[in-house]
Amino acid sequence: MTRLPRRLALLRNATLPSGDVVDVLIEGDTVEAVVAAGTAPAAPESETLDLAGHVLLTAPAEPHAHLDKALSFDAIRPPMGDLELAIASWRVYAATMTVDDIADRARRQLLAMLAQGTTAVRTHVDVLLGDGPTRGAEALVRVRDELRGLMDVEIVALASQDSPDSDVEAVLDLGVDLVGGAPHLARDPHGDLHRLLDIAERRGVGVDLHTDESLDGAVTLDEFARRVVGWTTSVSAGHCSRLGSMPVAQRDDIVAAVLAADIGIIANPITNLYLQGWDHPVATPRGLTALRPLLDAGVRLAAGADNVRDPFNPLGRSDALETAMLLVTAGHLTIDEAYAAVSDSARSVMALPPAGVTAGARAELLAVRATSLADVVANAPADRYVVHAGRLVAESRVTREVADPAAALATASTTTSASATSPAATSAAPPTSPSSPRPTLAETR
């Protein structure tokens, strides 16, 4: 029988990013109180976790995943570095997928993310073309239900311009949460944008669109913002790469419109750094959205890993700390801003309740063996505890052994001394006959 999940009532000796060391009391799925270390009342040993030497953080939330595509790269072996070719190779493979195949890959991917600390995931799922358009949604709804209690999963119906409204509706009927799509790729970008927004309005659900994922293509974010002003459902836009490459005056106008409409923006640095800019061999653009202008304007900004080992990104570690690191190195955010984008701000964009080490917040927590937030993001230590809804749901501990330098030097000195005084070392090597075979590389090792 597994030891996990395990109900927790008390976290002791946790270090916060501020440097304060605290005890955290948990009641059910909520943080009840945060007090100075050593001052909390005792709790049963089975419900107590000592976090000495660990930094305690809000658990990451992944605002933009593609679980139906995850871990398919090895099976597809797609061409590298082209969004349109990636789409084409995916569609060929997608026609062969079964519900069980999709569910198996999605389950493995979700559990890998949970092990790294992510306790909430929003995933897109294709409204598949041809026969069985709901296969992906059926698989993800199944896996969402299986993992309920371990993590929160939201699903977005990702409709192409060729997806009939009836197929989008059928996917939503399965229990999919939001309407999505990629209108900027459509033959009529604004027409497809309004079609998808009409479906969302008709169903009374939120919207999360792939938006303007190119360096010089169609711009739909401004029209998107004008249409959803005053909406009370969750509204967000992913990628928005075009916002980072357009003239400043145009960018600032659109940022203002996004703020007025309260659209959450989701950057996806890993995939956008990979896919964008292949046709710019000199001064290659980074392909990211306008991170700093968005933050400075007060727009809610989240960041996700997007694709993991599929035609749109052959790599990815299922770890929000990888996303945070890229926001710092490629996006020039501060470490605090970067971690917020994959945790507290991501939860805001996903319309999830606040979480973290604050009284009254949801007990969605990640403890990492480290000395500071900078240490966490820089080194991504593997030793972690993951708490979802007040329960310990994942634990990772690594054993590492490295040679002692002093012992290594002493051993080397002893060996050298012994070799210098041995008869074999002082005798001349026998001459090699011209006819003797030369030693092979393996023999000389």
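This is a predicted model: local features need pLDDT of at least 70, side-chain atom pairs count only at pLDDT 80 or more; totals for chains, interfaces and linings use all residues.

Reader: Why is arginine 77 called exposed?

Author: Exposed means over 50% relative accessible area, buried means under 20%, and partly exposed lies in between, with a 1.4 Å probe and protein chains only. Arginine 77 has 58% relative accessibility, so this residue counts as exposed. Its place is the loop between H1 and helix H2 (83-94); helices (H or I, at least four residues) and strands (E, at least two) are DSSP runs, numbered from the N terminus. Arginine 77 also has a positive phi of about 50°, although it is not a glycine. Most residues other than glycine have a negative phi.

Reader: What makes asparagine 13 partly exposed?

Author: Its relative accessible area is 26%, so asparagine 13 is classed as partly exposed. Asparagine 13 lies in strand S2 (residues 10-15), and its phi is near 60°, a positive value in a residue other than glycine.

Reader: What kind of peptide bond joins leucine 4 and proline 5?

Author: The bond is cis, with omega about 5°. Proline 5 lies in the segment before strand S1 (6-7). Most peptide bonds are trans.

Reader: How do you know that aspartate 68 has no salt bridge?

Author: A salt bridge requires a side-chain nitrogen of Lys or Arg within 4 Å of a carboxyl oxygen of Asp or Glu. Lys and Arg count as positive and Asp and Glu as negative, whereas His and the chain ends are not counted. For aspartate 68, which is buried, the nearest side chain of opposite charge is lysine 69, 4.2 Å away, and there is no salt bridge. Aspartate 68 lies in the loop between strand S7 (61-65) and helix H1 (73-76).

Reader: Which residues is aspartate 68 in contact with, beyond its neighbours within four places in sequence?

Author: Contact means heavy atoms within 4.5 Å. Those residues include Trp90, His124, Asp126 and Leu140. The backbone nitrogen of aspartate 126 lies 3.0 Å from a polar atom of the aspartate 68 side chain.

Reader: Why do S7 and strand S14 (301-303) count as edges of their sheet?

Author: Two strands pair if DSSP finds at least two bridges between them. The open sheet has eight strands in the order S7-S8-S9-S10-S11-S12-S13-S14, paired in parallel. S7 and S14 each have a single partner strand, so one side of each is left without a neighbour in the sheet.

Reader: What makes strand S8 (residues 120-126) and strand S9 (residues 152-159) a pair?

Author: Seven bridges join S8 and S9 in the parallel sense, against a requirement of at least two. Arginine 122 stands opposite glutamate 154 in S9. Helix H4 (residues 135-146) packs on the sheet and touches both S8 and S9.

Reader: Why is strand S12 (residues 235-239) called mostly covered?

Author: Five of its five residues are buried. S12 pairs with strand S11 (residues 206-211) in the parallel sense over five bridges, and valine 207 stands opposite valine 235 in S12. In the chain, buried residues make up 51% of the 445 residues.

How values were computed
Residues are numbered from 1 along each chain as its sequence is written. Side-chain values use heavy atoms; hydrogens and water are left out. A polar contact is a pair of N or O atoms within 3.5 Å; within protein, one must be able to donate a hydrogen and the other to accept it, and residues adjacent in sequence count only if both atoms are side-chain atoms. Axes are lines fitted to C-alpha atoms, for helices over the stretch in contact, and angles run from 0 to 180 degrees between N-to-C directions.
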